[in-house]
Amino acid sequence: MSFPVTRLRRNRRGDAIRRMVRETRLAADDLVMPMFVRHGQGVKHEIPSMPGQFQFSPDTLAEEAYAIEQAGVPAVILFGIPDFKDAVGSESWDEEGIIPKAIDAVKRRCRDLYVITDVCMCEYTDHGHCGVVKNRRDGILDVDNDDTLDLLIRQAIAHVRAGADIVAPSDMMDGRVGAIRRALDDARMADVPILAYSAKYASSFYGPFRDAAESPPQFGDRSSYQMDPANAREAMREIELDIEEGADIVMVKPALPYLDIIRMARDCFDVPLAAYNVSGEYAMVKAAAQNGWIDERRVVLETLTAIRRAGADIVLTYWAREAAGWLAE
Ligand code: PBG
């Protein structure tokens, strides 16, 4: 049926009908708030390239987490900034390390808020790579896949022992989901889900995060382990392998430049799908908004809706708390 029998504008003439025919809904339930934590007390240090985001100490983190829980956001994901970095990132599995302290503080303050922890070596290594760096036979330095798995396991176990509700490996080593799953099961931690950063691209959009987490690679880049932005089919293989290895939730990262990957993943797999609206996506909108060039609130709600429409069930976003507030109005 075409015009004049069909007039698509009929369903747009009023807020009530627009609400009735809306295909995609955005709610606080869909959001996860990323947070940065370092040692100390009373710390609330704004990250220059991420206005409105902070490095917290465990005490101030717990207060902020409480406000996030009150806003209706179900979970936070924690990134730790250690006091001490070395070649293998040993603070990452220390039971007195920054993440166990942070989890403890949040758990004392919040009732139901889920604490997800990012499991990766890059914040903890002095070279800033996501694993153990070794000399290859040809003399080139490279991250050793299989040696890194053991360290990721130790880190994941330390987080769960401290009370993490979900662990989220973001290193992009092959086989890490299976290795962590087996280790958790052997340690009687079989009920803890794994959120896998399955299709994580070697993206320039992580720049502000690396300032926030103080984790830029000191040489080279991450392209020998993170995915090539040009590849889409390969992302489906990454996701498929992670599901076979036991991932409970899979993730695509970044979100906005990879909406096609989110859609493909949604069409190919039935597992819960997350997408990470990363630091560079945040910084761009903030910068434009501070210049008065765009309306931040409307752009953010449109962006988060687009990520959901592309097929993500869960969106990790630095706007989680604020967006939950806007959605409640
Ligand atoms: C690695 C990690 C990174 C991000 C999340 N986990 C950085 C990287 O891979 O270099 C980026 C998140 C963001 O940019 O918001 N631990």
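Start by selecting C130, which counts as buried because its relative accessibility is 0% (buried means under 20% relative accessible area, exposed over 50%, partly exposed in between, with a 1.4 Å probe and protein chains only). This is a predicted model, in which local features need pLDDT of at least 70, side-chain atom pairs count only at pLDDT 80 or more, and totals for chains, interfaces and linings use all residues. Residues are numbered from 1 along each chain as its sequence is written, and side-chain values use heavy atoms, with hydrogens and water left out.

C130 lies in the loop between β5 (114–119) and β6 (132–135); helices (H or I, at least four residues) and strands (E, at least two) are DSSP runs, numbered from the N terminus. Show what surrounds C130: leaving aside neighbours within four places in sequence, its contacts (heavy atoms within 4.5 Å) include C120, C122, D171 and R222.

Next, select strand β9 (residues 195–200). Six of its six residues are buried, so β9 is largely enclosed by the rest of the structure. Four bridges join β9 to strand β10 (residues 249–253), and the two run parallel; strands pair if DSSP finds at least two bridges between them. In this pairing, A199 stands opposite V252 of β10.

Now go to helix α8 (residues 259–268) and show α10 with it. Their axes are 8 Å apart and the packing angle is about 35° (axes are lines fitted to C-alpha atoms, for helices over the stretch in contact, and angles run from 0 to 180 degrees between N-to-C directions). At the contact, L259, I262, R263 and R266 of α8 meet A306, I307, R309 and A310 of α10.

Which helix should come next? Select α9 (residues 279–290): its twelve residues should span 16 Å at 1.5 Å a residue, and its end C-alpha atoms are 16 Å apart, which agrees. The expected span is 1.5 Å times one less than the number of residues. Nine of the twelve residues of α9 are buried, so this helix is largely enclosed by the rest of the structure. Among the buried ones are Y282, V285 and K286. The buried residues of α9 pack against β3 (50–56), α6 (207–212), β11 (273–277), α10 (296–310) and α11 (320–328). After α9 comes G292, with a positive phi near 75°.
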